[in-house]
Amino acid sequence: MRITSSYIYSQNLNNFQRQQNLINDANNRLSSGLKISNSYEDAGMFSEGSRLVYELATFQQISEAASKAINITKNSDKAIDEMSKSLDQFKNKLIQSANEVHSDTSLNALANDLQKIRDHIVNIANTSINGQYLFSGTSIGTKPFDEKGNYFGNNENMQVLLGSNVYTEYNISGQELIKGVDNDYKKVISTNVRLVDRRYDINKPEEVHYITQDNKIRDLIGKNYLKPNNDNKELNVNDHFLDNDGARFPDTYFYVRGTKGNGESFKAKFKMEANESVGAMLTKIGELYGNTKENKVVDVTLSKNGTIEITDLKNKESQINFSMFASTAQASDFGQIYPPKPPTQAEIDAVNAAVAHNEQVTNAAAAAGKPVDPKDLMPVPTLPVIPQPVNSQRASVSDPSDLRNNDNVFVLEFTNTGNIDTSFTSDGIDYSRSLFTKKDNILSSNISQIDKNKNVATDETKLVNAAQGAIKLNPNDNTRPDSILKLEITSKNKVHYSIDFNITQGTVTANYRQNGQDRTVTMPITNVVYDHNQHISDSVKTDNKDITYKQLGDVISMFATDNIPTRDYQLVPKYPNQANSPMILNDADKAELESLLISSKNAVDVGLNERGQMTLTDKGATTTKIDLAIFDANTMNADEFDFGTDANGNPIQEGTKKGDLFNFNTNSSLIIDESHVDIIKDLDKMIEAVRNGNYRADSDNPELLKSVGIQGALKRIDHIQDHINKIHTKIGATQTSIQNSQDRANLMKVNVDQVKADVINADPAESQLMLMQATITLQATLQATAQVSKLSLLNYM
């Protein structure tokens, strides 16, 4: 190989460039602190470095997000802790008020103190930090609660990223905090009639004795076995009601309507003898709800105050409900219950002897043709007459209304939530014929509407999906009555409307009186359907299986505000020449209906609330004049408690059958406790009980019929406190979890930073040595190049 000057120059230039690049690399490492600056320098290292930088940024983001979430949880924790302390104060005041020695002034002062605590709890629930409300769900700019406890936030939770696709909820919504559900709590219901021993004079306070399960059924009826004003004879505890004393007390019939925890409604009637125990009655009630020897579904007990309490042991979202009354035939004669002693044989013989003697005297005088000398006659002793016992079956009826104003039957109510309406009769015998509760401008029902999937019904829920039985959908089926809801409405103008909301036929028929005349108006149940082809809206007749609660609410709003049709509405075929054409309202009826609906909805708001309970709000009044009752048309009818006949054609006196299709507001048990809480409104009820001096449920006081009283409030407040403690524990655990995630993120950030440094960071000493070596090599190269460039043939000549 020939070595030329050109070759030597090329080699030196390559060496120079290589060393210069090494020097540049060393300088870049020293200045940037990185091993490489561009991906082409080392693709593997660059990729690994980029991944580590992303990881580092992720952990930094997690740490910062966790800090914000921790700030929210800390503030929430402090707010809930303050709420818990306030509830402790509330309970102490409530316990203080439970002492039945307070005057009205003292109770009012306690109620005022409770009101202040309640208002403070509302303020806590409306806590905001930097303009963001803690308990509004994700609607952090919306004030969650108004002064009445209505919630305006949502039930959604904010989430924080704590890892790769790992999100954690870190806030508590107002729905969960104030209106939450505790599935470990059972629903407990109670009657409001306190059962007393009626053998005593219950009008004397010192003789009031509450019934226990060891009492007998005869003690429940007591003096009422005998009609009053019976020759001044009456039953008394000292001389009567003794075991084996020969009393002939009639049987008592018990009529039960209710709903099992799973939502299945039923009606039942059973009979008990006078000497059976009240405990046996409680056992029979439990069996109606499904209790067996092997499986206990409900717990039925008597409180110390003589009320029946039923606890659902199985169903978390329990729909349990209970109503009962009893009827007993009364005796018109004391001897029907305590008959006189039967005559002895000697007394019978004396009567027979006297009769025989007198007969001989009479015959002898007749034979002699002489009158009978009274002195010759013997007095005939009077034998006691044994009256027939009371016929127990006089108290057994199929139609409960037959017991009203029946002077021969004593009716004992177990539940009576009252009725102040004068437009139709309702009492403890009624069940679903009960007026909605009225408070200020709001009417509300007490039964939640639940669909077949156990979800709370909404306005859009179809009635067929929430009925507690099978709705009759075939209008031509004559084997059963139509499925009809009865609406009894007293309007804003005090007009009373009796309305048939016929689901089967899809019609509404209203009867009312106007200007002294009876009137009737009928309209089909329709809904608005938009025709995209013709670009118009039609009022189309709704198929009966598609009728919704909203359409029921529309009818209520119209008649409650006196926005009623001026005529019967008529359906016409949308396409006259087409078979099976949809039926629609004619134009005039459609226009009037739309106008009536707009006017009525401007005046009232009718619909289902978040608990599925029907409510009516009178927008134009502080105290509404409207009254409303909704019930199954088949309730309180002639065969409500008809259980058919036996093989001999005799009526069956006891049995169980399916209940009403719908219940909206019932004369039934009061709720002592349940899984749901509504803290602010629950506290309002407790304050009202204290202010009114209502210590317990009391059917004798019209103002206290629907209140569980202070005693029930004490049980409820324990649940509320436990609920808040659970929320407090939850937010504390959430804070700890997020704090641990932040600590982990910070630790991982340090570790990743170290790994990143090992991967892409340049060692300063190594880089400096690299620079020195490259510099020396470059200098040597330059020197060698210079020496080579001086070489010439002349030097060797």
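Asp197, Arg199, Arg218, Asp219 and Asp243 are linked in a network of salt bridges, a salt bridge being a side-chain nitrogen of Lys or Arg within 4 Å of a carboxyl oxygen of Asp or Glu. The model is a predicted one, in which local features need pLDDT of at least 70 and side-chain atom pairs count only at pLDDT 80 or more, whereas totals for chains, interfaces and linings use all residues. Residues are numbered from 1 along each chain as its sequence is written, and side-chain values use heavy atoms, with hydrogens and water left out.

By this rule the count comes to 37 salt bridges. In one of them, Lys179 pairs with Asp678, with 3.0 Å between the closest N and O atoms. Lys179 lies in the loop between helix 4 (174–178) and strand 5 (188–190), and Asp678 lies in the loop between strand 26 (670–673) and helix 11 (679–691), so that the pair ties together parts 499 residues apart in sequence; helices (H or I, at least four residues) and strands (E, at least two) are DSSP runs, numbered from the N terminus. Lys179 is buried at a relative accessible area of 8%, and Asp678 likewise counts as buried at 12%, where buried means under 20% relative accessible area, exposed over 50%, and partly exposed in between (1.4 Å probe, protein chains only).

A further salt bridge joins Arg567 to Asp589 at 2.8 Å, N to O. Since Arg567 lies in the loop between helix 9 (549–560) and strand 20 (571–573) and Asp589 in helix 10 (residues 587–603), this pair ties together parts that are 22 residues apart in sequence. Arg567 is partly exposed, with 33% relative accessibility, while Asp589 is buried, with a relative accessible area of 2%.

Five strands form an open sheet in the order 11-10-6-7-25, with antiparallel pairing; two strands pair if DSSP finds at least two bridges between them. Strand 11 (409–413) and strand 25 (655–658) are the edge strands, each pairing on one side only, and the twist averages 15° from one strand to the next. Strand 6 (residues 252–259) and strand 10 (residues 321–329) run antiparallel and are joined by 8 bridges, and the bridge partner of Tyr253 in strand 10 is Ser327. Helix 6 (residues 278–288) packs on the sheet, touching strand 6, strand 7 (265–272), strand 10 and strand 25, and its direction makes about 155° with that of strand 7. Contact here means heavy atoms within 4.5 Å, and axes are lines fitted to C-alpha atoms, for helices over the stretch in contact, with angles running from 0 to 180 degrees between N-to-C directions.
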